[in-house]
Amino acid sequence: MIVILRLGIIQYPKKISLSEKIFNEYFKKTNIDAIYEGININPKDFEFKIKDILNNYYGLNVTVPFKEMVFKYLDYANESAVFLGAINTIHNNIGYNTDWIGFYNSILNEKLDGNILVLGAGGTTKAVLYGLYKLGVDKITLINRTYEKAIKIKKLFYKKIDIKVLEFSKLNSEINNANIFINTTSIGMFNEKIPIKLHDNLNLVYDVIYFHTPLQKESESLGIKTINGENMWYHQAIQNLKIWNIYDENIFEKVYNNI
Ligand code: ATR
């Protein structure tokens with residue numbers, strides 16, 4: 001009997017994800033008998049369908065809006081998933097969060113000295129701050145359009161990172177005190193510009209957006225080291241393959257570079 005490993009991404013609405021393209025190409029090149037498919041569920045059907053999906057798939061990714069909903073159907077969630085309140089990877093009925101590891105590994109070799117200014121207060125922000133915490137950062141400034149959400153994050157990270165929260169209107173002046181700027185919002189996905197003017201004393205600009213945004217273009221034009229979401233995605237995907245016990249470093253790198 002031929003056993004084909006079934007993997008997939010639980011998502012809504014339906015879309016062709018980058019994971020689907022790359023993982024399927026990777027399976028071809030590694031001769032792993034596996035498929036990775038989009039599993040599209042309407043959120044209202046989630047509770048009826050999730051148990052069957054968990055039983056029938058070898059490995060899963062989970063996207064918004066299911067990252068929190070899936071907890072109660074699993075046997076266990078690891079420490080970071082519990083802290084972040086979000087699961088994005090599943091294997092053997094155990095939930096993991098690999099978003100923060102993607103960020104962590106993408107910034108591992110950078111010097112994180114000086115003042116760090118983070119923009120945003122969403123799910124991605126939590127993953128980024130958890131990564132910074134694991135890298136030993138103990139102090140940052142946080143700004144978000146909705147001030148209260150930034151305060152919630154400050155409370156979540158109590159005793160982990162000392163977070164100074166400022167109003168959104170302070171963004172453009174506060175950037176002048178920053179050595180590192182990290183955008184964790186979705187601004188730039190559709191070519192929108194963050195209302196700031198960068199300066200060339202910044203050592204690093206990190207933008208979680210996968211595309212080449214106005215922020216990244218401005219940062220590059222000033223000669224500032226610029227990292228974008230592609231890097232975070234790459235390291236997160238590696239972590240997923242490791243959890244599913246099917247990671248081959250050389251082949252994954254080749255497939256990724258050729259897509
Ligand atoms: P994700 O899970 O991808 O982080 P999210 O939890 O919805 O998504 O968070 C989106 C983040 O982008 C939030 O910080 C949001 O600001 P608000 O908390 O004020 O909503 C931020 N964001 C999105 N569009 C924005 C915009 N046009 N201007 C400023 N902030 C924006």
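Visitor: Which side chain does Lys28 meet in a salt bridge?
Guide: That of Glu25, with 3.6 Å from N to O. Keep in mind that this is a predicted model.

Visitor: Where do Lys28 and Glu25 lie?
Guide: Both belong to helix H1, residues 18–30. They are 3 residues apart, about one turn of the helix.

Visitor: Is Lys28 buried or exposed?
Guide: Lys28 is exposed, because its relative accessible area is 59% and the cut-off for exposed is over 50%.

Visitor: And Glu25, what does that count as?
Guide: Glu25 counts as partly exposed, at 23% relative accessibility. Buried would need a value under 20%.

Visitor: Different topic. How many salt bridges does a search of the whole structure find?
Guide: The search finds 6.

Visitor: What does Arg6 form a salt bridge with?
Guide: With Glu37; the closest N and O atoms are 3.1 Å apart. This pair links distant parts of the chain, with Arg6 in strand S1 (residues 5–11) and Glu37 in strand S2 (residues 34–40). The two residues are 31 residues apart.

Visitor: What does Arg6 count as, in terms of accessibility?
Guide: Partly exposed, at 34% relative accessibility.

Visitor: Is Glu218 buried or exposed?
Guide: Glu218 is buried, because its relative accessible area is 18% and the cut-off is under 20%.

Visitor: Which residues do salt bridges with shared partners join into one network?
Guide: Glu25, Lys28 and Lys29.

Visitor: Last thing, the surface. Which residues form a positive patch there?
Guide: Arg145, Lys149, Lys152 and Lys155 form a positive surface patch.

Visitor: Where is Lys152 found?
Guide: In helix H6, which covers residues 147–156.

Visitor: Why does Lys152 count as exposed?
Guide: Because its relative accessibility is 62%, and exposed means over 50%.

How values were computed. Residues are numbered from 1 along each chain as its sequence is written. This is a predicted model: local features need pLDDT of at least 70, side-chain atom pairs count only at pLDDT 80 or more; totals for chains, interfaces and linings use all residues. Side-chain values use heavy atoms; hydrogens and water are left out. Patches are made of residues with over 30% relative accessible area and no salt bridge: like charges are joined within 9 Å, nonpolar side chains (Val, Leu, Ile, Met, Phe, Trp, Tyr) within 5 Å. Accessible areas come from the Shrake-Rupley method with a 1.4 Å probe; for residues, only the protein chains shown count as cover. A salt bridge is a side-chain nitrogen of Lys or Arg within 4 Å of a carboxyl oxygen of Asp or Glu. Lys and Arg count as positive and Asp and Glu as negative; His and the chain ends are not counted. The place of a charge is taken as NZ of Lys, CZ of Arg, CG of Asp or CD of Glu. Helices (H or I, at least four residues) and strands (E, at least two) are DSSP runs, numbered from the N terminus. Buried means under 20% relative accessible area, exposed over 50%, partly exposed in between (1.4 Å probe, protein chains only).
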